[in-house]
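Good morning, and thank you for coming.

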Amino acid sequence: MASIEVRTAVTINRSPHDVYSAWRALENIPRFMRHIESISQAGERRSHWVARGPAGLRLSWDAEIVADQEGELIAWRSLPGADVENHGLVRFKPAPGDRGTEVHALIRYRLPGGVLGQALGNVFNQGAGRLIQGDLRRFKQLMEAGEISTTEGQPSGRQREREHGR
Amino acid sequence: MKAVCWIAPNTVRVQQVPDPALLNPRDAIIRVTLTAICGSDLHLYDGYIPAMLPGDILGHEFVGEVVEVGREVNNLKIGDRVIVPFPISCGNCFFCRRDLWSLCDNSNPNAAMAEELWGYSPAGIYGYSQILGGYAGGQAEYVRVPFADAGPLKIPDGMSDEQVVLLTDVLPTGYQAAEFCDIRPGDSVAVWGCGPVGQAAIKSAALLGAERVIAIDRFEERLQMAREWSGAETLNYAEVDVIDALKELTGGRGPDACIDAAGMEAHDFGLEGVYDRAKQALCLETGRPHALRQAIIACRKGGVISVPGVYGSFIDKVPMGAAFNKGLTLRMGQTHVQRYLRPLLERIQRGEIDPSFIITHRMRLDDAPHGYEIFKHKQDECVKVVLRP
């Protein structure tokens, strides 16, 4: 089984408490993690995750929070039976000189064997790091700007041609 | 609605496209009442900014009337007339809070592309390539304005669109370039490029107390504008050796500050220009930094090089040795328009400056392709085109 590790960091112009709380309230996560479809809470520390995988695949796993320090860190791991085994640690540190909070994320995935593992491997090898960086960027936008910047749904001269084609 | 779409290098077309809609809670929709073609739009027109897609709506200089607001926009109401700064900025991040609006962390949906090229992403800009967000621009009947609660400024009653449209970019850009020069009594400031931004920089340098402003271009009508409106001295670089002439004009010292308002497509008649054009055509170099090179050589020791002219990626043969050994300070970047809007609006109201002197051509939005063409080729003494949708 292949294992992939992603480490990345972002600084968010809010207090560690605010940033921690927003992450810990898991319901926010699908807003900034593009590949996560839903998270349902199954107890104080347990949750059920559903993700969109490559080629329309749907992946799911149960996760458990294994460390939780208010305003400082959250660590989790997937429980046995996960489509993709994963565990991770997110630390929240005050950034120097009133710069808000440094969010340091460390996530490890273990890909399953077989066709699914191969398909996932292709996606992950193309940039699991970038995927997670994009997620953290959107989390920052949500925390600082209150919304995620987008152009999806705006007009362009390309639409006209498509519409005429219909 | 109608919009000016980039189709290919040297081709823009006015097309029917869908109307914009609110996409985020802090958005507003503006009915554009006046928009302008910027010198930096010519870099897109000429095809020197990568990552334009056919069909992208152009335009980052526009004013208009609010017709719709998102639920988080509490400072604007329908019917307000507004000036919209060209950088799209959230108002809350590290950079916006430090008045560095064009470096906003949160407004570029394509930030990953910009990071690939530049390490970190600046703010998104309307109609200025996919790298800067791929936002639909304002050379259109309507435009969506993100973070409408943070950027746009209401136009005071009694002021015309023409008086304020250049506050969206040109005037603050020229002003920031002059402010970068840290002008002190007795200073001489030389300005390469007498297009709209150059004219604004020349005027601003004079307003900020420069003893002398020396304007450099090859088009007589532009040099004349600099003399008439700002009292500048002028040099036609097609006729004189600029570096020698500047040395003599400044008593052998060199200008205290040099402004490159030409940017990546500067022209030159000599061999050096041929070298750069060839490399640019072969994509070995994406800019022809002739003005920048001259500015660095001409500047006095310990002086400032201020660069409002746009650069996209790589340039060759920048005389770094001259910059280093003369202890120069280089200052540059997209303009923090939001920082300058109010003070410059007040200067306009007090009659200290009327930037509309730069506008030479007034057209309908439908005539945009003609506007791009004459602006690019400086035909008909064109300095600045505004379009009325």
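Helices here are DSSP runs of H or I with at least four residues, strands are runs of E with at least two, and both are numbered from the N terminus. A word on the basis of what follows: this is a predicted model, in which local features need pLDDT of at least 70 and side-chain atom pairs count only at pLDDT 80 or more, whereas totals for chains, interfaces and linings use all residues. Residues are numbered from 1 along each chain as its sequence is written, chains are lettered from A and ligands numbered from 1 in the order in which they are written, and side-chain values use heavy atoms, with hydrogens and water left out.

Is Glu162(B) buried or exposed? Glu162(B) counts as buried because its relative accessibility is 18%; the cut-offs, with a 1.4 Å probe and protein chains only, are under 20% relative accessible area for buried, over 50% for exposed, and partly exposed in between. Its side chain is joined to that of Arg362(B) by a polar contact of 2.6 Å. By polar contact I mean a pair of N or O atoms within 3.5 Å; within protein, one must be able to donate a hydrogen and the other to accept it, and residues adjacent in sequence count only if both atoms are side-chain atoms. Beyond its neighbours within four places in sequence, Glu162(B) is in contact (heavy atoms within 4.5 Å) with Leu34(B), Ser356(B), Ile359(B), Arg362(B) and Val386(B).

Let us remain in chain B and turn to its strands. Strands β5 (residues 61-69) and β6 (residues 81-84) of chain B pair in the antiparallel sense over four bridges, where pairing requires that DSSP find at least two bridges. Within this pair, Ile83(B) of β6(B) is the bridge partner of Val63(B). β6(B) is also joined by two bridges to β10 (residues 153-154) of chain B, again antiparallel, and there Ile83(B) stands opposite Leu153(B).

Next, helix α7 of chain B, residues 220-230. Its buried residues are Glu221(B), Arg222(B), Leu223(B), Met225(B), Ala226(B) and Ser230(B). They pack against α6 (196-207), β12 (212-217), β13 (233-236) and α13 (368-376) of chain B. After α7(B) comes Gly231(B), with a positive phi near 65°.

Chain A contains five helices and seven strands. Buried residues account for 46% of its 166 residues, and its C-alpha trace spans about 55 × 45 × 30 Å along the principal axes.

Finally, how do the two chains meet? In all, 40 residues of chain B are in contact with 26 residues of chain A. The area buried between them, that is, the accessible area (1.4 Å probe) lost on being put together, summed over both, is about 2500 Å², with 47% from carbon and sulfur atoms. Pro18(B), Leu23(B) and Asn106(B) supply 21% of the area that chain B buries against chain A, more than any other three residues.

Which side chains form a salt bridge of 2.7 Å, N to O? They are those of Arg137(A) and Glu115(B). The rule, a side-chain nitrogen of Lys or Arg within 4 Å of a carboxyl oxygen of Asp or Glu, finds four salt bridges across this interface. There are also 15 residue pairs in polar contact between the chains, both residues at pLDDT 80 or more.

Conventions:
Buried area = accessible area lost by both parts, 1.4 Å probe.
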